[in-house]
Amino acid sequence: MMRPLRLASLAACVLLVIPGCPRRNAGDPGVVTITFWHSFVASTIPALDDLIQEFERTHPGIRVRAQYIPTGDGLIQKLITSVQSNTAPDVSWIHADFLDRLAGGGALIPMQQFIDGTDSLPASELNDIFPSLLDAGRLRGVLYTMPMEATSLALLYNRGLFREAGLDPDHPPKDWDELKEYASRLTSPADDRGRRER
């Protein structure tokens with residue numbers, strides 16, 4: 001069942017599949033090993049390990065080799081370099097805002113190929129994903145990635161301090177320029193030592 005979300009803004013992290021060949025396990029020729037680059041940290045690694053164990057249990061012919069790669073620009077640079085040198089992972093975690101750089105260079109396999117493939121994803125499961133998360137993985141109408149996590153971003157502010165600064169608490173800042181202006185007005189004056197209370 002889809003759970004409705006009220007999002008002020010959405011920062012999505014997605015999974016993508018990169019063209020390449022999963023490696024056959026030399027010790028067990030019936031097993032394929034896929035490499036998965038992720039940016040999970042110590043507090044989230046146990047959840048990732050549980051997901052990988054469950055995946056391997058339900059897909060006995062596949063092993064997942066998870067590798068930590070720092071997120072952000074470092075990850076995208078490493079991905080681009082690995083694609084160019086034919087050493088790319090089979091699956092990687094990235095922020096959705098890097099999608100155009102990879103898809104534009106032909107470095108990704110569209111997810112629709114897997115959704116419609118032999119082990120297709122039932123429409124009921126695809127419909128269970130919040131539409132905005134799927135949209136974050138589309139480029140020019142093509143679904144390249146699947147959502148892995150999303151973060152709701154929100155602005156919290158003190159209504160009393162807004163009134164004190166002569167700002168209307170029912171009209172918070174709507175863009176970066178207003179945020180900067182409001183922050184300046186909400187900043188308390190410096191004392192004789194240059195310190196500010198707020």
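Ile109 sits in the loop that connects helix 3 (99-104) to helix 4 (112-115); helices (H or I, at least four residues) and strands (E, at least two) are DSSP runs numbered from the N terminus. The model is predicted, so local features need pLDDT of at least 70 and side-chain atom pairs count only at pLDDT 80 or more, while totals for chains, interfaces and linings use all residues. Residues are numbered from 1 along each chain as its sequence is written, and side-chain values use heavy atoms, with hydrogens and water left out.

Ile109 counts as buried because its relative accessible area is 18%, where buried means under 20%, exposed over 50% and partly exposed in between (1.4 Å probe, protein chains only). Its C-alpha atom is 6.6 Å from that of Tyr144, 35 residues apart along the chain.

His38, in strand 3 (residues 28-38), is also buried, at 5% relative accessibility. Beyond its neighbours within four places in sequence, His38 is in contact (heavy atoms within 4.5 Å) with Ile45, Leu48, Ala66, Gln67, Tyr68, Ile69 and Trp93.

Most residues other than glycine have a negative phi. Asn86, which is not a glycine, has a positive phi of about 60°; Asn86 belongs to the loop between helix 2 (73-84) and strand 5 (91-95) and is exposed, with a relative accessible area of 75%. Arg140, not a glycine either, has a positive phi of about 50°. Arg140 is placed between strand 6 (138-139) and strand 7 (142-143), in a loop, and is exposed at 70% relative accessibility.

Trp176, found in helix 8 (residues 176-186), is exposed as well, at 71% relative accessibility.
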